[in-house]
Amino acid sequence: MLAIDRDSFEQEVLQSSEPVVVEFWGEQCSVCVAMMPEVEELAKSFEGRVKFCKIPIAGSRRLCIELKIMTVPVFLFYKNGELVDRVANQDLSVENIRAKAESLLK
């Protein structure tokens, strides 16, 4: 997974030639930390087809406000620079993230 920040968001996500999954996470978020190994494995399985990025919410307040990130973890799905889906709260599972990433390839 590629670690990005506000400064690299536009280049790595909005200008990416491949679909992108962006995870917003926090160090103090137990769900984020617990999911991290599975999400990293998922990212490896999509390598070369879908780019997986992660952004820590610490230091990304303005971007979180712009994208209406109210809780973590949140996964945003981009295709051709456009936000097409998101996974958070009750929809949060590695299986659901995998399915949404697969749909980016269609």
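Contact here means heavy atoms within 4.5 Å. The model in these views is predicted, so local features need pLDDT of at least 70 and side-chain atom pairs count only at pLDDT 80 or more, while totals for chains, interfaces and linings use all residues. Residues are numbered from 1 along each chain as its sequence is written, and side-chain values use heavy atoms, with hydrogens and water left out.

**View 1. Y78 and its neighbours.** Not counting residues up to four places away in sequence, Y78 touches F9, V13, L14, P19, V20, V22, L67, L83, V84 and L104. Y78 also belongs to the largest nonpolar core, a group of 16 residues. A nonpolar core is a set of buried Ala, Val, Leu, Ile, Met, Phe, Trp, Tyr and Cys residues joined through side-chain atoms within 4.5 Å. Buried means under 20% relative accessible area, exposed means over 50%, and partly exposed is in between (1.4 Å probe, protein chains only). The residues with the most contacts inside this core are F9, V22, F24, L67, L76 and Y78. Two or more residues come from each of α1 (6-14), β2 (20-25), β3 (51-56), α3 and β4. Helices (H or I, at least four residues) and strands (E, at least two) are DSSP runs, numbered from the N terminus. Apart from this core lies another, of 15 residues, with A43, V50, F52 and F75 among them.

View 2. Strands β4 (residues 74-79) and β5 (residues 82-87) run antiparallel and are joined by five bridges. Two strands pair if DSSP finds at least two bridges between them. Look for Y78 again here: its bridge partner in β5 is L83. Two residues sit between the strands of the hairpin.

View 3. Most residues other than glycine have a negative phi, and most peptide bonds are trans. The peptide bond from V72 to P73 is cis, with omega near -5°; P73 is in the loop between α3 (61-66) and β4. Further along, N89 has a positive phi of about 50° without being a glycine. N89 is in the loop between β5 and α4 (94-104) and is exposed, with a relative accessible area of 51%.

**View 4. Strand β3 and its partners.** Five of the six residues of β3 are buried, so the strand is largely enclosed by the rest of the structure. Strand β1 (residues 2-3) runs parallel to β3, with two bridges joining them, and L2 stands opposite C53. Six bridges join β2 to β3, also in parallel, and V22 has C53 as its bridge partner. Leaving aside neighbours within four places in sequence, K54 is in contact with M1, L2, A3, I4, E23, W25, M36 and E40.

**View 5. Helix α2 and its bend.** Helix α2 (residues 30-45) bends by about 45° at M36, and a proline, P37, follows within four residues. The bend is the angle between axes fitted to the seven residues ending at a residue and the seven starting there. The buried residues of α2 are C32, M35, M36, V39, L42 and A43, and they pack against β2, β3, β4 and α4.
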